[in-house]
Amino acid sequence: MPDMDNFKEASAFGVGTPQETVGFPLKGCGSLDWGMKSRLARIFDPKDGRSLMLACDHGFIMGPTGGVERIDLSIVPLLSHADCLMCTRGVLRALIPATSRIPVCLRSDAGTSVLTELNDNVVIDPEDAIRLNASAMAVMVAVGDANFEGKTVANLYHTVDIGQRYGIPVMGVTAVGKQMTRDARYFRLATRICAENGANIVKTYYTEGFETVVAACPVPIVIAGGKKIPERDALELAYKAINDGAAGVDMGRNVFQSEHPAAMIQAVRAVIHDGLKPDQAYQLYQDLSK
Ligand code: 5RP
């Protein structure tokens, strides 16, 4: 029991100052529980509702592909420029310093690799995501994959059930199999299916007509960068996505496979948070590369 003597008399009631009802900057997230919102606010800067997520989960299907051979050397030095890191639990435990304080979007499914057939995934034990203090869990959803659509949608809604129980947001990641058309019609379908099944964030790809993909998806969308393209083009991709309503990027290869990854991530950051246009961001990239 606290000492009851000499308590300060209560008087700071702020009568006349109405209690503010603070909103939430992410679309579709206003009625989530506090823990869920708190985790989302670690990933998305509450000032602008945007996020620069750095993806380095490629190894779980591709092995040590270019740029992620040594995550301690290539990715860890970039963490201070990112709002969130997307990675697997193996990499997190082995290579990411717990002192980095970066929020983690944990890759929470695994299964087949590039050597066999993609998308035959199961989800990890969600208790591990809790142990790892994950700020979000990411699972891939293969809409349109005749073999694994049902299984991967089930992975998503199972993960959402767990996420709701423990207050951990779930990011649905739309897969792009070889047989899937990469157009706005497909991405509208895939992203909407993720959201309807409870994803709190959806990761997808930029495409012509992207503004309709964003409009039809009731929760925030972040885009993947896709395969490595010239830096100026990648910055334009990020700019167009943000301009069309994306809440951020979850970019991997176009950052860590860049000639100058530290310069590139800072230029992408400037597009997302400072409103730089592609030419301005490319100039920044060049200046920082010197
Ligand atoms: C796909 C993923 C990957 O992490 C992501 O797409 C990779 O990012 P990038 O395309 O920018 O290299 O989530 O399952």
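A: Let's begin with a pair of residues: Met 53 lies opposite Cys 84, and Cys 84 belongs to strand β2. Strands here are DSSP runs of E with at least two residues, helices are runs of H or I with at least four, and both are numbered from the N terminus. Before going further, please keep in mind that this is a predicted model, in which local features need pLDDT of at least 70 and side-chain atom pairs count only at pLDDT 80 or more, while totals for chains, interfaces and linings use all residues. Residue numbers start from 1 along each chain as its sequence is written.

Strand β2 covers residues 84-87. It is joined to strand β1 (residues 51-55) by three bridges, and the two run parallel; strands count as paired when DSSP finds at least two bridges between them. On to the next partner: β2 also pairs with β3, again in the parallel sense and over three bridges, and here Leu 85 has Val 104 of β3 opposite it. To get from β2 to β3 the chain passes through α4, making a right-handed β-α-β crossover. Right-handed means that, with the strands pointing away from the viewer, the path from the first strand over the helix to the second runs clockwise.

What covers the two faces of β2? In a regular strand the side chains alternate between the two faces of the sheet. In β2, Cys 84 and Met 86 are on one side, Leu 85 and Cys 87 are on the other, and all four are buried. Buried means that 20 or more other C-beta atoms, placed from the backbone, lie within 10 Å of a residue's own; exposed means 12 or fewer, and partly exposed is in between.

Leu 92 sits in α4, and it counts as buried because it has 20 C-beta neighbours inside 10 Å. Leaving aside residues up to four places away in sequence, Leu 92 touches Cys 87, Val 104 and Leu 132, where a contact means C-beta atoms, placed from the backbone, within 7 Å. Leu 106 is 14 residues from Leu 92 along the chain, with 8.6 Å between their C-alpha atoms.

Most residues other than glycine have a negative phi. Arg 101 has a positive one, near 65°. With 9 C-beta neighbours inside 10 Å, this arginine counts as exposed. Asn 133 also has a positive phi, of about 60°, without being a glycine; its place is the loop between α5 (126-131) and β6 (136-141). Asn 133 counts as partly exposed, with 13 C-beta neighbours inside 10 Å.

β8 (residues 201-204) pairs with β9 in the parallel sense over three bridges, and Val 202 has Ile 221 of β9 opposite it. With helix α8 (residues 210-216), these two strands form a right-handed β-α-β unit. The next crossover, from β9 through helix α9 (residues 231-243) to β10, is right-handed too. β9 and β10 (residues 248-251) are parallel and share three bridges, and Val 222 has Gly 248 as its bridge partner in β10.

Ala 224 is also one of the closest residues to the ligand, along with Ala 55, Gly 225, Gly 252 and Arg 253, in a surrounding set of 14 residues.

Finally, the whole chain: it has 12 helices and 10 strands. Its radius of gyration, 20 Å, is close to the 19 Å of the globule rule for 290 residues, so the chain is as compact as a globular protein of that length. The radius is taken over C-alpha atoms, and the rule is 2.2 Å times the number of residues to the power 0.38. Of the 290 residues, 44% count as buried.

Technical notes:
A residue is near a molecule or strand if its C-beta atom, placed from the backbone, lies within 6 Å of it. Two residues are in contact if their C-beta atoms, placed from the backbone, lie within 7 Å.
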